[in-house]
Amino acid sequence: MLRVENLYVSYGHIDALKGVSLQVPEGAVVSIIGSNGAGKTTLLNAISGLVNPIKGSIQFHEKSLPKEPNRIVRLGIVQVPEGRKIFPGLTVKENLVMGGYTVSSRRVLNERIEKMFQLFPRLRERKDQQGGTLSGGEQQMLAICRGLMADPKVLLLDEPSLGLAPLLVNEIFQLILKIRSMGVTILLVEQNARKALSICDFAYVLETGSVTFQGTGEELLCNEQISEAYLGKTIQECEDPEDAMSQKSKKRG
Ligand SMILES: Nc1ncnc2c1ncn2[C@@H]1O[C@H](COP(=O)(O)OP(=O)(O)O)[C@@H](O)[C@H]1O
Ligand SMILES: [Mg+2]
C-alpha cells in the first residue's frame, strides 16, 4: 500500500538517498536496518513530507503523496520521530491531545486518550505529570501513543528502542506487535537489527543511501553478511529451522 520508488534525497552535496525503492504492504511490519548515517531517518522524513526528494516517487494506495506534511498525516501516515521529542513542559495528557490535533470532536479525542491509557496503563497513572519528568522508556511510549492519537493507517517509527535498557527494549517491541494487531501497518527503522528482524514480516538493509539487501526477517537473520555486519556475531539460531518457525508463529500469535 505504501510504495517508494527510486527515491533520491540530497542535502547540498551530501546524497543521503540514492535510488531507494521499497514496499510496505497493508498490515505488515517492515523493518529498515542500517548503520548511523545510512539514510534511515531521511527516508522516513521524505515519506512524511519533511524533506523533498529530488527524484523518485512515494505512493500510498497507488496515489502520489501530497507534499504537505499535514496532508500526509491526514491520509493516515504518521511519524514518531527519532529521539522521542515529546513536549517536556506539557503533561502526558496534553502531549496526547497534541497528537490528536486532527480530531475535531471532543468525544472522539477523549475516546482515543482512553484507548492509549488502556494500551499503556502507566501513562494513565502519570497523566498529569510533565512529559519531561518521565523515564526514557515512558517518554518513548508516550511518543508512540501521541503518534497513535492521529489514528494512523501507517506508523513510521524511527529508532524507538534507542538508548533504552534491555527490558524496556523488549517492552517497546511487544508494544509494536500489539499496535500491528490493532491493524496498523508499521515501518520500523532500527539499529537494534536483531530485534527488528525478529519481529518483522519483511526487511530492507540500507547502506549509505542504497538498499543492499532485502528479504524476510528470517532470511536476513540467517544471512552471513548481515549477521557479521549488523548482528555482532555469527549465525547460530538459524541452524534449527523449527525454532525459527516457532519464533515466527509466536510473533504472529
Ligand atoms: N539536515 C541535514 N543536513 C545535512 N546533512 C544531513 C542532514 N540530515 C542528515 N544528513 C546526512 O545525510 C546522511 C543520512 O542521514 P540520516 O538519514 O540521518 O541517517 P540515519 O538515520 O540512517 O542515521 C548522513 O550522511 C547525514 O550526515
Ligand atoms: Mg536516524
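1. In this predicted model, strand β7 (residues 154-158) is mostly covered, with 5 of its 5 residues buried. Val154, Leu156 and Asp158 point one way from the strand, while Leu155 and Leu157 point the other way.

2. Strand β7 has a parallel partner in strand β6 (residues 77-80), the two being joined over 4 bridges. In this pairing, isoleucine 77 has valine 154 of β7 as its bridge partner.

3. Strand β8 (residues 185-190) also pairs with β7 in the parallel sense, here over 5 bridges. Leucine 155 is bridged to isoleucine 186 in β8. The elements β7, helix α7 (residues 166-181) and β8 make up a β-α-β unit, which is right-handed.

4. A further parallel pairing links strand β3 (residues 29-33) with strand β9 (residues 202-207) over 4 bridges. Within it, serine 31 has alanine 203 of β9 as its bridge partner.

5. Strand β9 also pairs with strand β10 (residues 210-215), in the antiparallel sense and over 5 bridges. Leucine 206 is placed opposite valine 211 of β10. The two strands form a hairpin with 2 residues between them, and threonine 208 in the turn has a positive phi of about 35 degrees.

6. On confidence, the mean pLDDT of the protein is 91, and 92% of its residues reach 70 or more. Residues 240-253, however, have pLDDT below 50, and this stretch has 8 contacts in the model beyond near neighbours in sequence. Where pLDDT is low, the predicted coordinates should not be read in detail.

Definitions and conventions
Residues numbered from 1 in each chain as written. Chains lettered and ligands numbered in written order. Predicted model: local features only at pLDDT ≥ 70, side-chain atom pairs only at ≥ 80, totals over all residues. pLDDT = per-residue confidence, 0-100. Contact = placed C-beta atoms within 7 Å. Pairing = 2+ DSSP bridges. Buried ≥ 20, exposed ≤ 12 C-beta atoms within 10 Å, placed from the backbone. Right-handed = clockwise from strand over helix to strand, strands pointing away.
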